[in-house]
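Open the model in your viewer and keep the selection panel at hand. This tour goes from stop to stop, saying what to select and what is there.

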Amino acid sequence: MRKLIFLWAIIIVLVSCKNENESELNQGIWLGQLEVMDGKKLPFNFNVSKDENDAYTIEIYNASEIIKVDEIEIKGDSIRIQTPVFEGYIQGKLSEKSIKGNFIKESLDRVVPFEASYGVEKRFTVNTPPAVNISGIWETEFSQGTSDSYMGKGIFAENDGKVTGTFRTTTGDYRYLEGVVSGDSLKLSAFDGAHAFLFLAKVTDSTLNGTFYSDNHFKEPFVAKRNESFELPEADELTFLKEGYDKFEFSFPDTNGKMVSLEDKAYKDKVVLVQIMGSWCPNCLDETKFYVNYLNDNHTTDLEMVGLAFEYAKTKELAYKSIERLKQRIGVNYPILLAQYGTSDKDEAQQKLPMLNHVLSYPTTIFIDKKGKVRKIHTGFNGPATGEKYTVFKREFDSYVKMLINE
């Protein structure tokens, strides 16, 4: 009996020591910061809570977007925060009021220094009142004067110095940006678990002149001017079938290794939407969520969807794992095929789909009618961060798909 009591005493002591050594993640608001190029810090806020089972949940805030994170692992003073859907994670050392470590994307060999401070509510420090109000539409050019130049449309609303909005481009949008105007300085940021965006600019009443940073691997200048009537080229006019091709074709494996093509019985006499995408792509995630909800709300046997995933995961197994993670996390109810792994390079993607003039954007959607004819190709995606443009897109998408179904 004494031996049994002694054994239980040892177990209790060991469990107590383990609990004492386990660091606690303070509940409440935190300020996270990623170190991008030029020594600049990209800030974002997140909130920590704990449920009745002592399981942590983190909410990351970008303007009106809330990203819920429920894969949080703490061992001793080490913490790992796995972002939802995407492969990126934060690994760091946890103390009472701080986290210090890195944001890591292993497939791209990218490591971005990260730190977080507990109890800090302000995303950016405002030293002086805003000199101008930047609300409105901005005609924007990135990398002006270079072969990499491209146009964007800035859409912003400012209220008491706080700015929300996004930049649209022909390939998609920069999602939910949030920041401030302090004096003549504009500061905007977003962190969505895959991409980390920071925009810094000097502002006047009619111009912006600044730098765009993405993680700690890329930066480019941008200039903008007020232009309420500015519009980007139509998304349906950028990608098309090359001369000599009269239909869209592919044959790629699903996550079970089964080859799938448009010649399969499942797609015969159906309207088919083919989504060119990647599990790593936030715009693709926005689009995929829209498609999932649309299919759930519009049950019909005349419409099929299939995704073609171009993955930068280094191995086929990791690529399949990323696709399955995407499908499970947001309930994808259509097949996603592995079209490419090891790179998301668009030129290599175009070689897999030689009938297209180019693969300009992830995502891109091909609309195919019941006779197998390509009727439209939509480049990019105007996500929910674009406001009215997203509303218009949803209405036009529904109308066009129903027109194809009813033919």
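## Stop 1: the second largest pocket

Start with α3, which gives the lining of the second largest pocket its largest share, four residues. This is a predicted model, so read every stop with that in mind. Select 316–330 to show α3, then 78–82 to show β6; each supplies at least two residues of this lining. The space here comes to about 430 Å³. In all, 19 residues line the second largest pocket. Now pick Q82, E87, L318, K321 and S322, the closest of them to its centre. Colour the lining by class: seven residues are nonpolar, four polar and eight charged.

## Stop 2: the largest pocket

Move to the largest pocket, with about 1100 Å³ of space. Its lining has 35 residues. Select T171, Y174, H195, W280 and K346, the closest to the centre of the largest pocket. Then show β13, β17, β18 (218–226) and α2 (282–297), the elements that give two or more residues to this lining. By class, the largest pocket is lined by 13 nonpolar, 14 polar and eight charged residues.

## Stop 3

Is Y174 buried or exposed? Y174 is buried, with a relative accessible area of 13%. Y174 and F197 form an aromatic pair, with 5.1 Å from centre to centre and 85° between the planes. That makes the pair edge-to-face. Y174 sits in the loop between β13 (172–173) and β14 (177–182), while F197 is in strand β16 (residues 196–203), so the pair ties together parts 23 residues apart in sequence.

Next, select F212. The ring centres of Y174 and F212 are 4.9 Å apart and the planes lie at 55°, so this pair is tilted. F212 belongs to strand β17 (residues 207–214) and Y174 to the loop between β13 and β14, so this pair ties together parts 38 residues apart in sequence. F212 is buried, with a relative accessible area of 3%.

Now widen the selection to F142, Y150, F156, F167, Y174, F197, F199, F212, F218 and F222. Ring pairs link these residues into a cluster. How many aromatic pairs does the structure hold? The count is 39.

## Stop 4: a lysine over two rings

Select K376, F367 and Y400. K376 lies over the face of F367, at 4.7 Å from the ring centre. K376 also lies over the face of Y400, at 4.0 Å from that ring centre.

## Stop 5: the cavities

Finish inside. The structure holds two cavities of 30 Å³ or more. The largest cavity has a volume of about 60 Å³. Select its lining: F44, F46, I58, I60, V69, I81, T83, I90 and F114. Strands β2 (41–50) and β3 (56–62) are the elements that give two or more residues to this lining. Eight of the lining residues are nonpolar, one is polar and none is charged.

The second largest cavity has about 40 Å³ of space. Select N62, E65, R175, Y176, A190, F191, D192, H195 and F197 to see its lining. Here the classes divide into four nonpolar, two polar and three charged.

How values were computed:
Residues are numbered from 1 along each chain as its sequence is written. This is a predicted model: local features need pLDDT of at least 70, side-chain atom pairs count only at pLDDT 80 or more; totals for chains, interfaces and linings use all residues. Side-chain values use heavy atoms; hydrogens and water are left out. Rings of Phe, Tyr and Trp (its six-membered ring) pair if their centres lie within 6.5 Å; planes under 30 degrees apart count as stacked, over 60 as edge-to-face and the rest as tilted. Buried means under 20% relative accessible area, exposed over 50%, partly exposed in between (1.4 Å probe, protein chains only). A charge sits over a ring if NZ of Lys or CZ of Arg is within 6 Å of the ring centre and within 35 degrees of the ring normal. On a 1 Å grid over the protein atoms alone, a cavity is a set of points where a 1.4 Å probe fits but cannot get out, and a pocket is an open set with protein on both sides within 12 Å along at least five of seven lines; lining residues have an atom within 4 Å of a point. Grid points are joined across faces, edges and corners, and a volume is the space filled by probe spheres set on the points. Ala, Val, Leu, Ile, Met, Phe, Trp, Tyr, Cys and Pro count as nonpolar, Asp, Glu, Lys and Arg as charged, and the others, Gly among them, as polar.
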